[in-house]
Amino acid sequence: EGLTKREIEVLQHICKGMTNQEIADNLYLSTKTVDSHRTNLLEKTGSRNTADLVIYAIRNNAVNLE
């Protein structure tokens with residue numbers, strides 16, 4: 001789907017159940033930047049919500065959850 005490296009990193013953290021604040025702290029980003037990445041992920045994957053994003057990630061082997 002043309003996801004960037006950073007979007008994939010954010011997606012990995014989303015799949016681990018992290019909040020936007022936790023993702024921001026972990027990746028040294030602002031929460032606003034994480035919000036932007038989340039919005040881009042939703043648009044690029046055609047997902048409606050976080051649950052859809054996780055399903056997309058699993059179906060497309062987009063993340064390594066180990």
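Q: Which pattern does the chain follow when read along the sequence?

A: One goes from one end of the chain to the other and notes each element in turn. In this predicted model, that reading gives α-α-α-α. The chain holds four helices and zero strands.

Q: How compact is the chain for its length?

A: One sets the radius of gyration beside the value from the globule rule. The radius of gyration here is 11 Å, close to the 11 Å that the rule gives for 66 residues, so the chain is as compact as a globular protein of that length. Along its principal axes, the C-alpha trace spans about 30 × 25 × 20 Å.

Q: What percentage of the residues is buried?

A: A residue counts as buried when its relative accessible area is under 20%. Buried residues form 33% of the 66 residues in this chain.

Q: Which members of the largest nonpolar core touch the most other members?

A: That core has 14 residues, and the members in question are Val-10, Leu-11, Ile-14, Ile-23 and Leu-41. Two or more core residues come from each of α1 (5-15), α2 (20-27), α3 (31-45) and α4 (50-59). The largest contribution, four residues, is from α1.

Q: Which residues does Val-10 touch, leaving aside those up to four places away in sequence?

A: Val-10 touches Ile-23, Leu-27, Val-34, His-37 and Leu-41.

Notes:
Residues numbered from 1 in each chain as written. Predicted model: local features only at pLDDT ≥ 70, side-chain atom pairs only at ≥ 80, totals over all residues. Heavy atoms only, no water. Core = buried A, V, L, I, M, F, W, Y, C linked by side-chain atoms within 4.5 Å. Buried < 20%, exposed > 50% of the residue type's maximum accessible area, 1.4 Å probe, protein only. Contact = heavy atoms within 4.5 Å. Rg over C-alpha atoms; globule rule 2.2 N^0.38 Å.
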